[in-house]
Amino acid sequence: MADDALFDASEQKTFLTGRPYREFPEPAPLDKHGPATVLSMVNQKGGVGKTTSTINLGACLAEQGRKVLLVDLDPQGALSAGLGVSHDEEQVTVYDLLFDNTASIHAAIKHSNVSGLDLVPANIDLSAAEIQLVNEVGREHTLARALRPVRNEYDIIIIDCGPSLGLLTVNALACSHGVIIPMECEYFSLRGLALLTDTVEKVRDRINFDLDIVGILVTMFDRRTTHAREVMDRVVEVFGDRVFDTVITRTVRFPETSVAGEPIITWAPRSQGAEQYRNLARELLERTERGTA
Ligand SMILES: Nc1ncnc2c1ncn2[C@@H]1O[C@H](COP(=O)(O)OP(=O)(O)OP(=O)(O)O)[C@@H](O)[C@H]1O
Ligand SMILES: [Mg+2]
C-alpha cells in the first residue's frame, strides 16, 4: 500500500545518534521576555567546542526570537573574540562584576551584530579570579549575584566556561538551571565525562538542588571514521536520551567563523553547520521550555 511505502521510507531516516529522525517544533513566539533560563557550557577538556557552541547556539536562539545573553567565563576571552568584540582597556568585564560591587552589569553588556544577542566579555584579568574567589564570602555564589540584575531581561543566559572544574566553573554551575556538555567523539573523552558528571552531581547535592544536565552535545563528529561511530554508540548507551539528537559535524567553516568574528548563521547562513545549530536551538527549546531543564 502507498501508505506503507511512505512509512518505511521515513523509518529509514535516522539521526547521527542512531535514533529515528523527527522534526523539532518551531519555537512559539514570545510576547514578553524573561526570566532567563541559565545554562552553562561545561567540559574540563579543552578544545571540544564549548565556545563555538555558545556563540552559535546563542545566535540561533536569538534568530528564533529569544533574547540571549552570553557570558564569557574563560580568561582567554575566546567568546568575546569569536563575536568580534574588540579589546578595550575601559571595558567593564566579568572580572569587575565578580569583585567590584560598584561595577554595573549594564555597563559590561555589549551588543553583537546579531539582533537579540548580547555578551558580557572577559579578558586575562579573569585568570586571577580562581585564587581571589577563595577568600570571598559566599564564593560559589559570586557570579549569581553579578547576573541577578539582568535575569528578568533575557530568556536565556549561556555561560561559556574555560577548560577546568575550578571555582569559576562551580560558580557557573551554582547559578544554572542546566548544563550542556559538548564533547568530541573519541575514547578519552568518555573518561573525562565521568568526572564531570560527578562534579555536576556534587554541586546539585550541596549548592544548587535544581541543577540538571540538559544535554550532551556531540561536536566535530566525523561520520567517516569507525572510531567516532563506535564512541557515539557508547555515549548513547551510557547517557541515553540526554544525548542531543542534533550532532555537529566537523567542518572547516567553524575555524573560519572564529577568524571572521561572527556566528555561522551570518558567515555561512545556508551551510550545514548553520542548519545543525538551528536544529540544536529548536531541540534545546523543546527540552527547556517544557520545564525539564
Ligand atoms: N564542528 C567543528 N568542526 C571543525 N572545527 C571546529 C568545530 N567546532 C569547533 N571547531 C574548532 O575547534 C577549535 C576548538 O573549539 P572551541 O574553541 O569552541 O573549543 P572550547 O571547548 O571552547 O576550547 P577551550 O577549552 O580552549 O575553551 C576551534 O578552533 C574551533 O574553531
Ligand atoms: Mg572556549
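What share of the contacts in the protein with a separation of 6 or more comes from residues 24 or more positions apart? In this predicted model, such pairs make up 79% of those contacts. The secondary structure amounts to 13 helices and seven strands. The radius of gyration is 19 Å, close to the 19 Å that the globule rule gives for 293 residues, so the protein is as compact as a globular protein of that length. Along its principal axes, the C-alpha trace spans about 70 × 35 × 35 Å. As for burial, 43% of the 293 residues count as buried.

In general, strands of a sheet pair through backbone hydrogen bonds, either parallel or antiparallel.

With β1 (residues 37-41), β5 pairs in the parallel sense over five bridges, and Thr37 has Ile156 of β5 as its bridge partner. With β2 (residues 68-73), the pairing is again parallel, this time over six bridges.

β1 and β6 pair in the parallel sense over three bridges, and Leu39 stands opposite Gly178 in β6. Strand β6 (residues 178-184) is mostly covered, with six of its seven residues buried. β6 also pairs with β7 in the parallel sense, over seven bridges. In that pairing, Ile180 has Gly215 of β7 as its bridge partner.

Two of the helices can be described in some detail. Helix α2 has 14 residues and reaches 20 Å from its first C-alpha to its last, close to the 20 Å expected at 1.5 Å a residue. α2 is mostly covered, since 14 of its 14 residues are buried. After α2 comes Gly65, whose phi is positive, near 90°. Helix α8 (residues 167-174) is mostly covered too, with eight of its eight residues buried. The buried residues of α8 include Leu167, Leu168, Val170 and Leu173, along with Thr169 and Asn171.

Helix α2 turns up again around ligand 1. Of the 19 residues around this ligand, Gly46, Lys50, Thr51, Thr52 and Pro163 come nearest. The elements that give two or more residues to the shell are α2 (50-63) and α11 (253-260). By type, the shell divides into seven nonpolar, nine polar and three charged residues.

A few spots in the backbone deserve a second look. Most residues other than glycine have a negative phi, and most peptide bonds are trans. Between Gly34 and Pro35, though, the peptide bond is cis, with omega about -10°. Pro35 lies in the loop between α1 (2-12) and β1. Met220 is not a glycine, yet its phi is positive, about 50°. Met220 is found in the loop between β7 (212-219) and α10 (226-239). Having 20 C-beta neighbours inside 10 Å, Met220 counts as buried.

Ile124 is another loop residue, placed between β4 (117-120) and α6 (129-134). Is Ile124 buried or exposed? With 12 other C-beta atoms within 10 Å, Ile124 is exposed. Ile124 and Thr93 are 31 residues apart in sequence, and their C-alpha atoms are 10.0 Å apart in space.

Notes: Residues are numbered from 1 along each chain as its sequence is written. Chains are lettered from A and ligands numbered from 1 in the order in which they are written. This is a predicted model: local features need pLDDT of at least 70, side-chain atom pairs count only at pLDDT 80 or more; totals for chains, interfaces and linings use all residues. Two strands pair if DSSP finds at least two bridges between them. Helices (H or I, at least four residues) and strands (E, at least two) are DSSP runs, numbered from the N terminus. A residue is near a molecule or strand if its C-beta atom, placed from the backbone, lies within 6 Å of it. Ala, Val, Leu, Ile, Met, Phe, Trp, Tyr, Cys and Pro count as nonpolar, Asp, Glu, Lys and Arg as charged, and the others, Gly among them, as polar. The radius of gyration is taken over C-alpha atoms; the globule rule is 2.2 Å times the number of residues to the power 0.38. Two residues are in contact if their C-beta atoms, placed from the backbone, lie within 7 Å. The expected span of a helix is 1.5 Å times one less than its number of residues.
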